[in-house]
Number of protein chains: 2
Amino acid sequence: MQTKKKRGQAAASDAKAMVEDVIRCKWSLTVIDLVHRGINRPGAMVHAIEGLTTKVLNERLNKLQRYDILERTVFPEKPPRVEYRFSEFGCKFLKVIDAIDELAADIAAASALNQGNETDE
Amino acid sequence: MQTKKKRGQAAASDAKAMVEDVIRCKWSLTVIDLVHRGINRPGAMVHAIEGLTTKVLNERLNKLQRYDILERTVFPEKPPRVEYRFSEFGCKFLKVIDAIDELAADIAAASALNQGNETDE
């Protein structure tokens, strides 16, 4: 049986690996952004983004489900409607993405300021 | 001159690279945790953590300053007192770490639950 400490270390390592995997993948971030904006049906996702194929979309949707970031719901209609939404864990994952976006905004602002100063000289 | 979009993309890429670099580095995370706990003088840091050498500490302190996560203050005493604290940007960086820690706690809790279920069977 794992000790509590070992479990904590393994979980920390898993969480970091998951974050790295997702933030490195342009399409995973695109899918997360789409669901965040309420575009949560596969057909609508493919239509919304130029260059996003059904194959790539399905791979990313499967990965994000494996990570328990997204949940899939099938509505018993004809044809069946499929929607994705964030799990409770996924909502926490969004906080990581939001915090990184904040850093990026700060870096961009600092870079714009530097560029402005260089132009002034 | 960079366009705003290009600057945004470069900043996003820089922010992600910085996050990856820091979360992959055990000693960077240790230093961040120490400053967070108010142990912010180099001597106290080395004493607080077994295995942390002055060389490794200085490398990490320099890196975290380059990233503008930590600020260094020298107090004009004899001998001069040196303290590190989080910059405004560093406080935002902490939110990324905190959000990843939350994910890790959830993963650990889920793993403990699974292990409990397995033991029950």
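Analyst: With 21 C-beta neighbours inside 10 Å, A:Met18 counts as buried. The cut-offs are 20 or more other C-beta atoms within 10 Å of a residue's own for buried, 12 or fewer for exposed, and partly exposed in between, with C-beta atoms placed from the backbone. This is a predicted model, in which local features need pLDDT of at least 70 and side-chain atom pairs count only at pLDDT 80 or more, while totals for chains, interfaces and linings use all residues. Residues are numbered from 1 along each chain as its sequence is written, and chains are lettered from A and ligands numbered from 1 in the order in which they are written.

A:Met18 sits in helix α1 of chain A. Helices (H or I, at least four residues) and strands (E, at least two) are DSSP runs, numbered from the N terminus. A:Tyr67 lies 49 residues from A:Met18 in sequence, yet their C-alpha atoms are 7.5 Å apart.

Now the chain around A:Met18. Chain A holds five helices and two strands. Along the sequence they run α-α-α-α-β-β-α. The radius of gyration of chain A is 19 Å, well over the 14 Å that the globule rule gives for 121 residues, so chain A is more spread out than a compact globule. That radius is taken over C-alpha atoms, and the rule is 2.2 Å times the number of residues to the power 0.38. The C-alpha trace spans about 65 × 50 × 20 Å along its principal axes. Of the 121 residues, 21% count as buried. Among contacts in chain A with a separation of 6 or more, 40% join residues 24 or more positions apart. Two residues are in contact if their C-beta atoms, placed from the backbone, lie within 7 Å.

Next, a helix pair in chain A. The axes of α2 (residues 26-36) and α4 (residues 54-66) of chain A come within 9 Å and cross at roughly 75 degrees. Axes are lines fitted to C-alpha atoms, for helices over the stretch in contact, and angles run from 0 to 180 degrees between N-to-C directions. α2(A) and α4(A) are therefore roughly perpendicular. That label covers 65 to 115 degrees; under 35 is roughly parallel, over 145 roughly antiparallel, and the rest oblique. A:Trp27, A:Ser28 and A:Val31 of α2(A) meet A:Val56, A:Leu57, A:Arg60, A:Leu61, A:Lys63 and A:Leu64 of α4(A). Six of these residues are nonpolar, one is polar and two are charged. Ala, Val, Leu, Ile, Met, Phe, Trp, Tyr, Cys and Pro count as nonpolar, Asp, Glu, Lys and Arg as charged, and the others, Gly among them, as polar.

The 13 residues of α4(A) should span 18 Å at 1.5 Å a residue, and the end C-alpha atoms are 18 Å apart, which agrees. The expected span is 1.5 Å times one less than the number of residues. Just after α4(A), A:Asp68 takes a positive phi of about 65 degrees.

Chain B has a crossing of its own. There, the axes of α2 (residues 26-36) and α4 (residues 54-66) come within 9 Å and cross at roughly 75 degrees. That makes α2(B) roughly perpendicular to α4(B). After α4(B) comes B:Asp68, with a positive phi near 65 degrees.

Last, the interface. In chain A, 28 residues are in contact with 28 residues of chain B. On the chain A side, α1 (4-23) and α5 (88-120) each supply at least two residues. α5(A) gives the largest share, 16 residues. By class, this side of chain A has 16 nonpolar, four polar and eight charged residues.
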